[in-house]
Amino acid sequence: MVTFRAGVEGDYDEVNQLVQRTFLNDGAGREWDEERALFEPARSVLAVDGDQVVGHVGTYTRELTVPGGVLPAGFVTCVAVAGTHRRRGLASTMLTRQLGEIRDRGEALAVLWASEGSIYGRYGYGLASRRLSFEIDRREARLDGSRLDKSRLDGLRLQAGPAARHRAQVTDLYEQARPARPGFASRDARWWDYRLADQAWHRDGAGPLQAVVCHDGDTPVGYALYRFRSSWDGSGPNGEVGVMETVTTTPAAYTVLWDFLLNVDLTRKVGFWLGALDEPLQYLANDPRRLGMRLGDGLWARLLDVPAALSGRRYAAEVDVVLEVADELLPGSGGVFRLRGGPDHATCEPTTDAPDLRLDTSALAAVYLGGNSLGSLAAAGRVDELHPGAVAATAPAFTWTRAPHALEIF
Ligand SMILES: CC(=O)SCCNC(=O)CCNC(=O)[C@H](O)C(C)(C)COP(=O)(O)OP(=O)(O)OC[C@H]1O[C@@H](n2cnc3c(N)ncnc32)[C@H](O)[C@@H]1OP(=O)(O)O
């Protein structure tokens with residue numbers, strides 16, 4: 001019989017083996033101390049059959065930047081059920097129990113990256129951010145010289161080398177950028193150990209992790225993490241630059257860093273898998289089509305405490321609206337709420353007033369980070385307008401200056 005329990009300290013190895021197997025990795029040589037250090041056993045839910053762990057869902061305790069704020073959130077990870085025990089409801093039981101735990105800890109929302117897009121909607125998650133991936137033929141693509149203000153680029157200089165050597169500057173820049181960008185997640189020392197860990201098996205044939213830091217005078221203003229992959233074919237050099245992330249505090253730093261990444265001798269391609277939907281590169285390139293852009297999904301979000309989540313973000317325009325939120329899985333998290341908000345204030349409280357808009361919790365999650373328009377969800381029939389004009393009056397408030405951007409899969 002399968003039973004469920006919280007994790008304990010000694011569970012990591014068995015959980016890791018289960019996760020490696022279910023993700024179709026052989027697990028060989030994938031012992032990873034930096035990942036082990038992230039494991040929060042008490043936040044895991046395990047399914048156990050006899051003495052065997054046959055299911056797991058995990059949660060990391062982190063902060064998530066939302067429009068105009070930073071909130072504690074449950075970062076859901078390592079959802080796995082053994083092949084022998086699938087489609088019997090084990091994941092549903094664990095994921096539901098996990099959502100209760102996240103809510104009871106006072107975290108207003110949960111976020112995750114989905115292995116398959118069809119899994120999480122049924123648990124109230126909504127696709128809240130998207131990513132653009134880039135596969136750039138660098139002989140065809142370059143930054144458009146006419147858009148580069150050379151006077152602003154003067155005085156910027158680059159310093160490159162093994163990523164670990166630049167850790168202090170990189171972490172500092174990330175902390176400066178984090179509060180302003182929805183989708184960014186807190187990274188304490190353990191998370192930086194993990195991010196900068198340079199496991200050979202993780203390189204997928206590429207070289208060691210590199211950092212390039214841009215300085216304006218003595219001040220660091222941006223960095224990129226990347227790897228080179230050396231390759232030669234019959235016609236000569238065919239190397240690649242694989243960009244992991246770029247974080248900048250000025251537009252000039254962004255331009256200089258991408259100019260560097262696009263102009264590495266002996267390379268032909270630049271890959272960037274986790275770009276933002278509004279990645280500035282697409283507005284700087286001489287020919288955006290040459291950037292090989294592809295749309296992908298990003299963070300899925302699940303609201304657990306609607307008033308805390310909605311009052312914890314800010315709004316691009318003044319809004320005063322009553323929302324009826326249906327939550328089939330966790331009815332206690334739904335209800336009717338009045339949201340009053342603007343660029344520098346927000347309150348959200350249960351109300352008995354008549355609702356202006358009716359939507360389910362996954363539709364609200366989809367617009368929560370500002371990555372989807374409420375009007376688009378309404379066009380899909382996922383928001384009911386109960387008061388004429390309510391969609392048009394509310395949609396602009398839920399947008400934000402920048403698209404949400406999740407920099408890393410966890
Ligand atoms: C955040 C993350 O970690 S994402 C990673 C998710 N994990 C993986 O992809 C690893 C490989 N897959 C697995 O381990 C399992 O198939 C899981 C965890 C995805 C699902 O576990 P199960 O115990 O089989 O799920 P469960 O029986 O509770 O099914 C719940 C529902 O989800 C559906 N479902 C489950 N897996 C999938 C899937 N891969 N694709 C589409 N639907 C799915 C089921 O059909 C079921 O639907 P229903 O409620 O309409 O009947």
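**Reading the model step by step**

Tutor: Buried residues make up 39% of the 410 residues in this protein, which is a predicted model.

Student: What counts as buried here?

Tutor: A residue is buried if 20 or more other C-beta atoms lie within 10 Å of its own.

Student: OK. How many helices and strands are there?

Tutor: You'll find 12 helices and 21 strands in the protein. Its radius of gyration is 23 Å, close to the 22 Å that the globule rule gives for 410 residues, so the protein is as compact as a globular protein of that length. Along the principal axes, the C-alpha trace spans about 65 × 60 × 40 Å.

Student: How do I read strand pairing, say for S17 and S18?

Tutor: Look at which way the two strands run. S17 (residues 319-326) and S18 (residues 335-342) pair in the antiparallel sense, over 7 bridges. In that pairing, Val319 stands opposite Gly341 in S18.

Student: And which way do S17 and S20 run, parallel or antiparallel?

Tutor: Parallel: 4 bridges join S17 to S20 (residues 357-360). There, Leu323 stands opposite Leu357 in S20. As a general idea, side chains in a regular strand alternate between the two faces of the sheet.

Student: What surrounds the ligand?

Tutor: A shell of 23 residues, and the closest are Val79, Arg86, Ala91, Ser92 and Ser115. Strand S4 (69-81) and helix H3 (90-104) are the elements that give two or more residues to that shell. The largest share, 6 residues, comes from S4.

Student: What kinds of residues are in the shell?

Tutor: They divide into 12 nonpolar, 6 polar and 5 charged.

Terms used. Residues are numbered from 1 along each chain as its sequence is written. This is a predicted model: local features need pLDDT of at least 70, side-chain atom pairs count only at pLDDT 80 or more; totals for chains, interfaces and linings use all residues. A residue is near a molecule or strand if its C-beta atom, placed from the backbone, lies within 6 Å of it. Ala, Val, Leu, Ile, Met, Phe, Trp, Tyr, Cys and Pro count as nonpolar, Asp, Glu, Lys and Arg as charged, and the others, Gly among them, as polar. The radius of gyration is taken over C-alpha atoms; the globule rule is 2.2 Å times the number of residues to the power 0.38. A residue is buried if 20 or more other C-beta atoms lie within 10 Å of its own, exposed if 12 or fewer, and partly exposed in between; C-beta atoms are placed from the backbone. Two strands pair if DSSP finds at least two bridges between them.
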